[in-house]
Amino acid sequence: ALMGFRDIHVIDMDTIDVTNLNRQFLFRAKDVGQPKSTTAANFINERIAGVKVTAYVGRVQEKDADWYRSFNLVVSGLDNIEARRWLNSMLVSLAEVDDD
């Protein structure tokens, strides 16, 4: 958001654990047990004017090709190897190759 992106979509299946508090600045003790994506979206939406963060709670694998195709840029911070490989495969399958 601070880099100029104004329409951001985040997806995460996890909830906030107390162990997240010392390494993730978006979360507070009151957020423990809440979904990471919605909590992060609310934090940013309340603090940065002109930015709209849309949160989704779920696995990246639950979204179809049309959903991923709707974005100009996908940035992944996945720490799960299976999910990372799935997302990489999905995005490669959407790539349009120009032979020229």
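Does Trp-67 count as buried or exposed, and at what relative accessibility? At 17% relative accessibility, Trp-67 counts as buried, where buried means under 20% relative accessible area, exposed means over 50% and partly exposed lies in between, computed with a 1.4 Å probe on protein chains only. The model is a predicted one, in which local features need pLDDT of at least 70 and side-chain atom pairs count only at pLDDT 80 or more, while totals for chains, interfaces and linings use all residues. Residues are numbered from 1 along each chain as its sequence is written, and side-chain values use heavy atoms, with hydrogens and water left out.

The protein has three helices and two strands, and read along the sequence these follow the pattern β-α-β-α-α; helices (H or I, at least four residues) and strands (E, at least two) are DSSP runs numbered from the N terminus. Along its principal axes the C-alpha trace spans about 55 × 30 × 20 Å, and of the 100 residues in the protein, 24% are buried.

Strand E1, residues 7-12, pairs with strand E2, residues 52-57, in the parallel sense over six bridges, two strands being paired if DSSP finds at least two bridges between them. Within this pairing, Asp-12 has Val-57 in E2 as its bridge partner. Together with helix H1, residues 36-47, the two strands make a right-handed β-α-β unit; a crossover is right-handed if, with the strands pointing away from the viewer, the path from the first strand over the helix to the second runs clockwise.

Two residues of this unit illustrate its surroundings. Glu-46 lies in helix H1 and is exposed, with a relative accessible area of 63%; Glu-46 and Val-57 are eleven residues apart in sequence and 19 Å apart in space, C-alpha to C-alpha. Ala-55 lies in strand E2 and, at 25% relative accessibility, counts as partly exposed.

A search of the whole structure finds four aromatic pairs, which are rings of Phe, Tyr and Trp (its six-membered ring) with centres within 6.5 Å, classed as stacked if the planes are under 30 degrees apart, edge-to-face if over 60 and tilted for the rest. Tyr-56 and Trp-67 form an edge-to-face pair, with 5.2 Å centre to centre and 85° between the planes. Because Tyr-56 lies in strand E2 and Trp-67 in helix H2, the pair ties together parts that are eleven residues apart in sequence. Ring pairs link Tyr-56, Trp-67, Tyr-68, Phe-71 and Trp-86 into a cluster.

The pockets remain. A pocket is found on a 1 Å grid over the protein atoms alone, as an open set of points where a 1.4 Å probe fits, with protein on both sides within 12 Å along at least five of seven lines, and its lining residues have an atom within 4 Å of a point. About 1,700 Å³ of space lies in the largest pocket, and of its 45 lining residues the closest to the centre are His-9, Val-10, Ile-11, Val-75 and Gly-77. Strand E1 gives the most to this lining, with six residues, while E1, H1, helix H2 (65-69) and helix H3 (81-94) each supply at least two. The second largest pocket holds about 170 Å³ of space, and its lining includes Leu-26, Arg-28, Phe-43 and Glu-46.

Technical notes. Grid points are joined across faces, edges and corners, and a volume is the space filled by probe spheres set on the points.
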